[in-house]
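Student: Hey, can we walk through this one together? I'm new to it.

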Amino acid sequence: MTREQNVDLTPFNTLALPGKAARYQKITAAEQLTVTDLATEKRFILGGGSNLVLAGDFDGLVLHMAIPGKRLLSEDSEAFYIEAGAGENWHDFVQWTLQQGWPGLENLSLI
């Protein structure tokens, strides 16, 4: 598990606000989250960076979720059950569901 030190967070938020993480780790697989020291360290979970206003530097560990993947788990007469990785772009995910012919999320596009 590679952790970087003193990482600029500007490219990771859509408002391009300045801020640095004392420690940073990009998470690309759920297994990376089972490390026991994550439970005791001050941390911040970062997704795609939208709806995020950085108030400056973060003196802790930023876990940047970048887990890819999306798939249909099952469907029934009521719903489609879809799994998406924590790194999937929301708008792209909604568009993908519509391209597959699975309606229901279209009103949540671009949020």
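**Charged pairs and overall layout**

Tutor: Let's start with glutamate 41, which counts as buried at 16% relative accessibility (buried is under 20% relative accessible area, exposed over 50%, partly exposed in between, with a 1.4 Å probe and protein chains only). This is a predicted model, where local features need pLDDT of at least 70 and side-chain atom pairs count only at pLDDT 80 or more, while totals for chains, interfaces and linings use all residues. Residues are numbered from 1 along each chain as its sequence is written, and side-chain values use heavy atoms, leaving out hydrogens and water.

Student: Which residue forms a salt bridge with glutamate 41?

Tutor: Arginine 3 does, with the closest N and O atoms 3.2 Å apart. A salt bridge here is a side-chain nitrogen of Lys or Arg within 4 Å of a carboxyl oxygen of Asp or Glu. Arginine 3 is partly exposed, at 24%.

Student: How many salt bridges does the structure hold?

Tutor: It holds 4. One of them joins arginine 71 and glutamate 83, at 2.9 Å from N to O. Arginine 71 is in strand S5 and glutamate 83 in strand S6, so this pair ties together parts 12 residues apart in sequence.

Student: New topic: what pattern does the chain follow?

Tutor: Along the sequence the pattern is β-β-β-β-β-β-α, with helices (H or I, at least four residues) and strands (E, at least two) being DSSP runs numbered from the N terminus.

Student: And how much of the chain is buried?

Tutor: Of its 111 residues, 25% count as buried.
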